[in-house]
Amino acid sequence: MSDPRTAEFSDLLREDRTFPPPDSFRANAHVRDERIYAEAERDPEAFWAQFASELEWSTPWTQVLDWRPPHAKWFVGGTLNASVNCVDRHARSHRRNKAAIIWEGEPGDRRTLTYWDLYREVQQFANVLKKLGVSRGDRVALYLPLIPELAIAMLACARIGAVHSVVFGGFSSESLRDRINDAQAKLLVTADGGYRRGQIVPLKQMADEALQDTPSIRNVIIVQRGDRSMPVHVQEGRDHWYHRLMQDASPVCAPEAMDAEDMLYILYTSGTTGKPKGIVHTTGGYLTGTYATTKLVFDMKDEDVYWCTADIGWVTGHSYVVYGPLANGATVLMYEGAPDWPQKDRFWSMIEKYGVTIFYTAPTAIRAFMRWGVDWPAKHDLSTLRLIGSVGEPINPEAWVWYYRYIGGERCPVVDTWWQTETGAIMISPLPGITTTRPGSASRPFPGIKAEIKNERGETVPSGGGLLAITRPWPAMLRGIYGDPERYVRQYWNRWGHDVYVTGDGAKLDADGNFWLLGRVDDVLNVAGHRIGTMEVESALVDHPSVAEAAVVGKPHEIKGQAIAAFVTLKEGIFGTKAHVDELREHVARKIGAIAKPDDIIFTADLPKTRSGKIMRRLLRDIAEGKAIGDTTTLADASVMAKLKTQYENET
Ligand code: WT7
């Protein structure tokens with residue numbers, strides 16, 4: 001493969017330890033039989049329809065798939081409601097008083113909502129939204145901490161056919177403003193604040209800044225989460241307290257029957273341009289995909305206590321904190337805060353305290369746990385765990401084995417799940433009752449999913465490295481980029497024909513059919529499991545009055561996977577001091593959010609450019625990674641590189 005970053009990962013393939021599923025796990029697993037793959041392959045549409053029929057529909061579909069590449073319609077003619085599937089049908093069943101959400105706040109406060117509680121609160125909030133003029137098709141922005149009201153608000157939107165757009169609470173005012181404006185959201189739900197490492201993040205204050213420039217917003221609802229120590233500005237006529245509105249709201253709100261292809265939500269994610277894309281997911285296919293994968297990959301059973309540590313602001317939280325598990329009628333644990341608050345065993349104490357059976361987290365967290373040492377988990381009884389999962393970035397075999405041994409007690413299957421915001425649901429993953437896993441490999445495509453490795457020319461590579469492509473439509477696939485139909489085609493379906501989805505990831509396929517994910521091959525970084533576009537950070541940097549030009553690259557980081565390195569040229573007469581580095585880092589945090597702060601900022605008189613003026617990021621990456629500098633023959637001025645390399649080595 002031509003991408004220079006893949007070579008160093010090839011030692012992953014030397015990993016030859018294998019972990020067959022324990023007999024005791026297999027004996028009770030939903031999937032015990034390898035033939036599921038062959039059956040799904042024989043008739044993928046029938047395979048998915050089987051799962052769709054386990055959901056509740058108001059009108060049955062007449063056609064499973066209408067595929068006009070690259071536009072898919074799943075379950076054509078069918079109507080259903082996502083909140084009915086996630087709440088009502090459980091509230092009507094033996095699960096009525098089962099805990100749907102067990103929530104713990106960072107300060108230690110806790111709340112449990114049964115399916116019946118959720119049923120009432122979702123309907124109440126749906127009525128609140130309606131009363132404030134929200135109707136079918138309207139967009140609602142949600143900027144909240146990880147509290148039950150976030151899930152309630154999502155489901156309430158789904159109930160009345162409104163489209164939610166959740167904005168992660170760690171994003172800046174400007175990011176919130178841009179997302180609200182792109183989606184033309186009519187209403188915003190936020191909170192006075194949320195807890196993070198003992199501090200209150202002043203969400204309403206941040207929202208107020210955004211709201212100065214969001215003409216589409218008519219009303220704002222504020223959830224009271226903080227300790228009331230913070231002053232909260234309430235704008236008469238526009239802003240309303242959640243608890244006040246809920247007091248007067250009826251707990252009965254008939255669900256809208258939504259077309260399978262009606263929009264369920266928009267979620268913004270970073271791409272290769274400076275502007276995040278609003279990924280569109282629809283109702284029937286998305287619910288089918290998240291329902292099926294939750295059931296099979298996590299082997300979800302009625303008696304499980306399931307905990308996915310992701311924030312709901314990311315797709316992992318949408319699919320595997322809210323929609324997938326609730327569609328399965330599961331008990332979901334939610335935790336508001338940081339893993340090291342008040343101490344580094346917060347997660348393990350939560351697992352012990354709530355008897356968690358299924359645990360799903362990110363490699364960056366696992367690497368931090370490794371660094372903190374085995375004494376923290378050893379202080380707790382983790383014996384209720386029966387399955388552990390990983391998502392968000394490639395997991396290095398060392399972290400995998402540590403996780404398996406010290407968290408899973410060498411008894412739990414590990415599911416390393418590959419997917420993306422765009423795919424909506426897990427695409428490549430072990431099935432825990434049947435897959436023999438290899439640390440570092442996400443193993444094989446989920447039944448019904450067709451993934452291939454392609455070379456630059458688009459030829460399928462039977463084994464070895466290349467670019468990961470998905471070559472058959474799947475129910476939870478994105479349906480578009482909000483407001484930009486053309487970019488949808490160009491970005492994802494235009495490299496090797498309109499029927500091949502381009503993932504942006506590099507991968508290798510081994511002789512046994514296992515996929516080894518190697519990271520992004522485009523200008524997208526993965527920092528601590530968070531997706532950040534290099535162009536976004538560059539735009540934030542050049543927005544600062546002192547900056548003339550900026551180039552951003554990723555460099556390997558022991559815990560975060562990747563860290564951000566920025567090469568910056570300042571305008572005439574401005575000198576790069578240490579204080580100026582801090583100023584620029586803060587500027588990026590203000591523009592995007594703290595997750596996008598560069599680790600290194602190097603001031604330089606020149607950037608390496610081709611004779612036509614294109615910045616050669618490949619060479620900057622070599623510097624940031626501490627590698628020998630690659631081919632510089634196309635550079636306009638080759639001496640730039642030698643100077644930069646020495647400077648980088650001295651300054652970082
Ligand atoms: C990118 C998608 C959907 C999960 C949360 C991230 C990387 C995700 C894995 C994995 C190797 C992974 C890919 C992908 N990624 N899971 N198990 N192994 N890489 O969603 O923000 O849309 O990012 O995360 O590079 O393209 P996202």
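Tyr265 has His281 as its bridge partner in S15. That pair belongs to a predicted model, in which six bridges join strand S14 (residues 263-269) to strand S15 (residues 277-282). S14 and S15 run antiparallel. Both strands sit in an open sheet of eight strands. A second open sheet has seven strands, and a ligand is surrounded by 17 residues.

**Eight-stranded sheet**

- The strand order is S12-S11-S8-S6-S7-S14-S15-S23.
- Pairing in this open sheet is mixed.
- S14 lies between S7 and S15 in the order, and its link to S15 is antiparallel.

**Seven-stranded sheet**

- This open sheet runs S5-S4-S17-S16-S18-S19-S20, again with mixed pairing.
- Its edges are strand S5 (110-114) and S20, and each of these pairs on one side only.
- Neighbouring strands are turned by 15° against each other on average, with direction ignored.
- Strand S4 (residues 99-104) and strand S17 (residues 331-335) run parallel and are joined by four bridges.
- Glu104 stands opposite Tyr335 in S17.
- Helix H5 (residues 115-131) packs on the sheet and touches S4 and S5. The direction of H5 makes about 85° with that of S5.
- In general, strands of a sheet pair through backbone hydrogen bonds, either parallel or antiparallel.

**Ligand site**

- The closest of the surrounding residues are Asp416, Thr417, Thr421, Asp505 and Arg531.
- Asp416 places a polar side-chain atom 2.8 Å from a nitrogen atom of the ligand.
- Thr417 contributes a polar backbone atom, 2.7 Å from a nitrogen atom of the ligand.
- Gln420 has a polar side-chain atom 2.9 Å from an oxygen atom of the ligand.
- The ligand taken alone exposes 550 Å², and the protein buries 96% of that.
- Six nonpolar, six polar and five charged residues make up the shell around the ligand.
- Helix H11 (315-327), strand S20 (414-417) and strand S25 (515-520) each supply at least two shell residues.

- Strand S28 (residues 547-557) and strand S29 (residues 561-570) pair in the antiparallel sense over 10 bridges.
- Three residues connect S28 to S29 in a hairpin.
- Pro556 has Gln562 as its bridge partner in S29.
- S1 and S2 also form a hairpin, with two residues between them.
- Five bridges join S1 to S2, and these strands run antiparallel.
- Arg68 has His71 as its bridge partner in S2.

**Backbone exceptions**

- Most residues other than glycine have a negative phi, and most peptide bonds are trans.
- Pro69 and Pro70 are joined by a cis peptide bond, with omega about 0°.
- Pro70 lies in the loop between strand S1 (63-68) and strand S2 (71-76).
- Trp341 and Pro342 are also joined by a cis peptide bond, with omega about -5°.
- Pro342 is in the loop between S17 and helix H12 (346-354). S17 is the strand that runs parallel to S4.
- Arg197 is a residue other than glycine with a positive phi, near 50°.
- Arg197 is located in the loop between strand S9 (194-196) and strand S10 (199-201).

Note on methods: Residues numbered from 1 in each chain as written. Predicted model: local features only at pLDDT ≥ 70, side-chain atom pairs only at ≥ 80, totals over all residues. Heavy atoms only, no water. Near = heavy atom within 4 Å. Polar contact = N/O pair within 3.5 Å; in protein donor to acceptor, adjacent residues only side chain to side chain. Areas by Shrake-Rupley, 256 points an atom, 1.4 Å probe, with all protein chains shown as cover. Nonpolar A, V, L, I, M, F, W, Y, C, P; charged D, E, K, R; others polar. Pairing = 2+ DSSP bridges. Axes fitted to C-alpha atoms, helices over the stretch in contact; angles between N-to-C directions. Contact = heavy atoms within 4.5 Å.
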